[in-house]
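Subject: Structure for you to look at

Dear colleague,

Please keep it open while you read.

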Amino acid sequence: MTKIMEVEDLEVVYGVIKALQGISFYIDEGEIVTIIGANGAGKSSTLRAISGMVRPSSGKVRFKNKDITNSPSHLIARQGLSHVPEGRGMLTKLTVEENLILATYNRKDHAKVKEDMEEVYKQFPRLSERKKQASGNLSGGEQQMLAIGRALMTGADTLLLDEPSMGLAPLIVKEIFEVIKRLNQAGKTILLVEQNAMTALNTAHRAYILENGAVLKSGLAADLISDPEVKAAYLGGH
Amino acid sequence: MSISKSFSPVKLIILFLSMVVLCCLPFVVSSFVLRIATGIMMWIGLALSWNMLGGYMGYISFGHGASFGLGAYIAGMLMTQLHLPFFVSLLIAGILTYIFAALVGYPTLRLSGSYFAIGTWAFAEMMRQLVLVLTITGGPEGLRLPPMLNDNFFYFVMFGLALLVFMVAYLFFEHSDFGLKVKAVREEETAARTLGLNTTWVKNQVFALSSMFAGIIGGAFAYWITFIHPDSVLGPLIADQMVIMVLLGGIGTLFGPVIGAIVLYVGNQYMLVMWGQSSAYLIILGLAICLVILFLPEGLMSLLRILRGRRRGIIKRLLPGMKKSNI
């Protein structure tokens, strides 16, 4: 398998606080990789540094064999890497349809846009029913689906998902993770950041555990689930 | 793909009839009324131009008066010092204001929210002080333009400009891909960037475009009034009035700024005639703003919606405690 993304010694500093103390990891094409950890472990900072929303103070991000470390975020997005931000980033006054259309403006392959739109509506029938509604009026689960659908409409092949389960009912969380699995089977590479460690480990192929801005442990998700230390700290251990 | 919404035939007919009426206006009303109508047109144009930036993009600027004043001074100086014809001066004033705003926008648009408001305000104040001390602008003496005493001419110029700004707002901000991008910046800038939108470019374009229109209108104003002074075209009240007109009418809507400009300007002139120069206007203005923000947060435009029969939603919002059966 080929590495689609490589992160090397990534460091992010907010004022005097070091949010990331030099983390390294990689993602293979077609994988689901999850980064789990407690609040403030540096999960969101990792995603934000990758997608260009914050400038890393040092380190490198390579995507599809290109150094994207200091590219502006809209150019990173145009290379097929879409970040679904924490809190879903709804354009609340715009309709569902407008949210989706907006995501296609950077694309050159106009012929495929229509196809993708139909695919998104097929994946998320509820969005199709609410096409003309303001996205701010959707339920939390529907908004998360729209956020993911929107990322797909950018034509991205790699998705960065920041806490897709946040604030959602367990049943909806299950649905969202089904979607993530389905997208992966359809060929999307996914980097998933989660506090909900159990669900994340059950979905992902590999995982990195972050603590205080550094990688504490990494390995196959299946191995980490049974790791006693991980169990105790993150899975409400037995 | 694009979003398609269009005017209904009824609306088109109303719009057409009002155009005809407005074109005939100079030939039926007194010159006093015509001057007020010219002022209304000017403020409609200014409010619409401010709305591009503050309404559709959500960047509340208190420095838009600087663009107006800049346009007025550029056009005035071109006409008096280089003796260029009016329309040529107007065009150059527009282009230069656009370029100037693009340069100013680059640093100021990095700010957002109230910081942007303060930044633009400070910038406008700086412009006023600069014009006061420079000799080329006439400094505190002001600038006197060659008089042109033709009320009809200025009415049609302002009417044309207001119409132009209205059409740009309608075509580029209400019904286009560009408008959707602008609204995305207002709703969630970071999310817009993750979708591959170059928000810096969009913001700069909107800032420069809306400033350009304010500059052109400023140029026309200078020729109309024939005497400009830093306090009359670069004072803070110019920008304040644009903000208030848009808030009063309905921010981020197409007709809101139009309605706000008409109501505020007519009210202002009425009070001027009744009581002369007094601060009563400002007091009543303040009260009106409080009432609108408390009861009609979407401006007078939401009153229109009541007339259109969406009574219930509004009444419910006004009287949240009321039971459904009572309505």
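Which residues touch the most other members of the largest nonpolar core? They are Ala47(B), Met158(B), Ile217(B) and Ala220(B), in a core of 157 residues, where a nonpolar core is a set of buried Ala, Val, Leu, Ile, Met, Phe, Trp, Tyr and Cys residues joined through C-beta atoms within 7 Å, and a residue is buried if 20 or more other C-beta atoms, placed from the backbone, lie within 10 Å of its own.

Before going further, please note that this is a predicted model, in which local features need pLDDT of at least 70 and side-chain atom pairs count only at pLDDT 80 or more, while totals for chains, interfaces and linings use all residues. Residues are numbered from 1 along each chain as its sequence is written, and chains are lettered from A and ligands numbered from 1 in the order in which they are written.

Helix α9 (residues 199-225) of chain B gives this core its largest share, 15 residues; helices (H or I, at least four residues) and strands (E, at least two) are DSSP runs, numbered from the N terminus. If neighbours within four places in sequence are left aside, Met158(B) is in contact with Thr38(B), Met41(B), Met42(B), Gly45(B) and Ala220(B), contact being defined as C-beta atoms, placed from the backbone, within 7 Å.

Chain B is also divided into domain 1 (29-295) and domain 2 (300-327), with bounds that come from an automatic or database domain assignment. Their centres, taken over C-alpha atoms, are separated by 33 Å, and the contact takes 10 residues from domain 1 of chain B and 4 residues from domain 2 of chain B. On the domain 1 side, α12(B) gives the most, with 4 residues.

Between the chains, 25 residues of chain A are in contact with 18 residues of chain B. The elements giving two or more residues to the chain A side are α2 (73-77), β6 (81-84) and α3 (96-102) of chain A.

Chain A also holds an open sheet of 4 strands, in the order β2-β1-β4-β5 and with antiparallel pairing, two strands being paired if DSSP finds at least two bridges between them. Its edge strands, β2 (17-28) and β5 (66-67) of chain A, each pair on one side only. Strand β4 (residues 58-63) of chain A is joined to β5(A) by 2 bridges, and Arg62(A) stands opposite Asp67(A) in β5(A).

With best wishes

Conventions. Contact = placed C-beta atoms within 7 Å. Buried ≥ 20, exposed ≤ 12 C-beta atoms within 10 Å, placed from the backbone.
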